[in-house]
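Hi everyone, thanks for coming.

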Amino acid sequence: MRRVKPYPKRQIKRVIGTYDDGVEGPLIIAVACLHGNEFMPYRAIDYAVKMLEVEHITKPDFVYRGKFIGLCGNLRATKLGQRFIDKDLNRIWSEELVERISDHQNIPECEEEAELQVVWQRILKEVRQHKGGPVVFLDFHTTSADGGVFCMPAHERASLDLAFELYLPVVEGLMETVPNSCLSFMSEKHLGKPAVAISIEVGQHQDINSVYVAIAALINAMRKTGAVQEEDVESRHDDILKRYAEGLPRLSRLRYIHPVKRGDGFKMEPGFSNFQSITKGTLLATDASGSIHCQEDRILLMPLYQEKGSEGFYLIEKDESFGYF
Ligand SMILES: [Zn+2]
């Protein structure tokens, strides 16, 4: 695995970059680092904005439609290189909390509430100012184990449709299983406009390839939503995604998430990777109450090989009718 040098902390900003040629089109909001230890998508967004700027200079007929904005989710945790400080920022997006912190007389009760306040206000401001074209929300993550390249759409049919277009394995059912994720909050009900929302897992936390996958997914999303033209996009972006997706099921459904509580001594057995087929009875992990075995034949996702995290592993079931990449 190729690793990269750390980013200078002083360069880490809330707004990673924006791009807007003043032409009507979609509003694409990409969020990196809702988990502060997942920095590769931040780099990807930074590079992508710079690529658009170069494109604008080197190709006179290049047109970007709509607006792009890349945001850093948990800025304070990102500067510390930690997943979170007090609470998981990707598990607190409840209507009750957003309502409370939207009233400026209420002081956020922890670091992540303060982060959510700033991120939500910025998203709302962008959505309200945006005229014409759909709102597209892309939420980027990385995982502690290798091989985790896939996407999870929000409820709306349009989200699933876009997810299928990205050349990434699609895993459905996150919204029903993970409460109060940021993705689940990016709906028409809360934004006031129809929105397409997808979480994208782009690979391992420290792997430079996670940057390439995130750039490819982002550029692909720009193309599929009409922000950039087909002829302006190099085919290598598709090739990168196709390489990762090869042999994987196009559609799977989330069946189980193993909850981890602080102090329960959860320890994943070594050597598991994303999209590994697991037969019923396989020992997956241990904790204070003993051994944790797989209860059905399933596919493993996101085995936890880091200290912080409230989920030990995900088990998914492939939908054979959609076939394989
Ligand atoms: Zn994450």
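Let's start with Ile123, which sits in helix 4; helices here are DSSP runs of H or I with at least four residues, strands are E runs of at least two, and both are numbered from the N terminus. Is Ile123 buried or exposed? It's buried, because 23 other C-beta atoms lie within 10 Å. The cut-offs: buried takes 20 or more other C-beta atoms within 10 Å of a residue's own, exposed means 12 or fewer, partly exposed is in between, and the C-beta atoms are placed from the backbone. Ile123 and Leu248 are 125 residues apart in sequence, and 33 Å apart in space, C-alpha to C-alpha.

A word on where this comes from: it's a predicted model, where local features need pLDDT of at least 70, side-chain atom pairs count only at pLDDT 80 or more, and totals for chains, interfaces and linings use all residues. Residues are numbered from 1 along each chain as its sequence is written.

Now, helix 4 (residues 111-129) has a partner, helix 3 (residues 95-102): their axes come within 10 Å and cross at roughly 80°. Axes are lines fitted to C-alpha atoms, for helices over the stretch in contact, and angles run from 0 to 180 degrees between N-to-C directions. So helix 3 and helix 4 are roughly perpendicular; that label covers 65 to 115 degrees, while under 35 is roughly parallel, over 145 roughly antiparallel and the rest oblique. Which residues meet there? Leu97, Val98 and Ile101 from helix 3 meet Glu113, Leu116, Gln117 and Trp120 from helix 4. Contact means C-beta atoms, placed from the backbone, within 7 Å.

Next, the big picture. The protein is divided into domain 1 (9-245) and domain 2 (254-318), with bounds from an automatic or database domain assignment. Their C-alpha centres lie 27 Å apart, and 16 residues of domain 1 are in contact with 16 residues of domain 2. On the domain 1 side, strand 6 (170-172) and helix 6 (174-177) are the elements giving two or more residues.

Last stop, the largest nonpolar core, with 91 residues, where Ala217 and Leu218 touch the most other members. Such a core is a set of buried Ala, Val, Leu, Ile, Met, Phe, Trp, Tyr and Cys residues joined through C-beta atoms within 7 Å. Helix 9 (residues 209-224) gives the largest share, 11 residues. Beyond its neighbours within four places in sequence, Ala217 contacts Leu166, Leu168, Ile200, Val202 and Leu241.

Technical notes. Contact = placed C-beta atoms within 7 Å.
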